[in-house]
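The model comes first, then the text.

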Amino acid sequence: MEFINFIILSLSCILSLVSLQPTSNSRNCNVCPCEKLTKLIEDLTDMLREKELNKEKGNICSSYTNLATGKSVWQSSTNHGGYAHHAVDGNTDQNYGSNSCSHTNGTHDQNQWLVVDLGKEYKLCTVKVYNRGDCCGERLNGFEIRVGSVFSPNNWNLASFPMCYKQSGGTAPLVVEEPCQTRGQYVMIRLPTKKSLTICEIQVYGP
């Protein structure tokens, strides 16, 4: 759409500048299309600059260490052999049959969760979540990424885990990588429904 607007405004600007019949409305005919074109070019330039900055930031984050692999991990319940440690085993295989994905019991309670203990508090950069790929990826719809500094498997408070991302807008992608630039020791993936929570890998990047 922005490209189409660019073409239309460019043609309008050129036609207005070469017009040989200025009218009493010449200010609107001759200047406005070019002013709009200039504004559109500025907006597009800002958009491209922002995308480049985000890309650069993403590249920087991916160059950091994955803090989650092999760390202690808990989940709200376990079903179908989907143990919590599968989510931090370093294997990003998204086929559940490969025995490398976690799986909670969706009928256990209203809130499904998995928490990784990074061992100490870090300044985080991004969190990357691998969804199940062989089926059932929609179960992850509406999941949240939260980060906190205090956690006990049997006694924790959601208020102590501020949210840095909530999935929305259709089916959850196979891989979600989101900036989560905050400090914390515990990273929670939470699903506020009675659907099973399945994570095939969680990666947490920070310096």
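## Cores, sheet and disulfides

The largest nonpolar core has 28 residues. Leu118, Phe143, Ile145, Val187 and Ile202 have the most contacts inside it. A nonpolar core is a set of buried Ala, Val, Leu, Ile, Met, Phe, Trp, Tyr and Cys residues joined through side-chain atoms within 4.5 Å. Buried means under 20% relative accessible area, exposed over 50%, and partly exposed in between (1.4 Å probe, protein chains only).

This is a predicted model: local features need pLDDT of at least 70, side-chain atom pairs count only at pLDDT 80 or more, and totals for chains, interfaces and linings use all residues. Residues are numbered from 1 along each chain as its sequence is written, and side-chain values use heavy atoms, without hydrogens and water.

Strands (E, at least two residues) and helices (H or I, at least four) are DSSP runs, numbered from the N terminus. The largest share, four residues, is from β3. A second, separate core has six residues, including Val115, Phe151, Tyr186 and Met188.

Isoleucine 202 touches Ala68, Ala87, Val88, Val116, Val127, Lys128, Val187 and Ile189, leaving aside residues up to four places away in sequence. Contact here means heavy atoms within 4.5 Å.

Now the sheet. Four strands form an open, antiparallel sheet in the order β1-β9-β4-β7. Strands pair if DSSP finds at least two bridges between them. The edge strands, β1 (65-66) and β7 (175-179), each pair on one side only. Five bridges join β4 (residues 126-130) to β9 (residues 201-206). Tyrosine 130 has glutamate 201 as its bridge partner, and lysine 128 stands opposite glutamine 203. Two bridges join β1 to β9; threonine 65 partners glycine 206.

Both faces of β9 are covered. Glu201, Gln203 and Tyr205 are buried on one side, Ile202, Val204 and Gly206 on the other.

The structure holds four disulfides, each a pair of cysteine sulfur atoms within 2.5 Å.

| Pair | S-S distance | S-S torsion |
|---|---|---|
| Cysteine 61 and cysteine 125 | 1.7 Å | about -45° |
| Cysteine 135 and cysteine 136 | 2.4 Å | -65° |
| Cysteine 164 and cysteine 180 | 1.9 Å | -90° |

Cysteine 164 lies in β6 (residues 163-166) and cysteine 180 in the loop between β7 and β8, 16 residues apart. Cysteine 164 is partly exposed at 29% relative accessibility; cysteine 180 is buried at 1%. Cysteine 61 and cysteine 125 are both buried.
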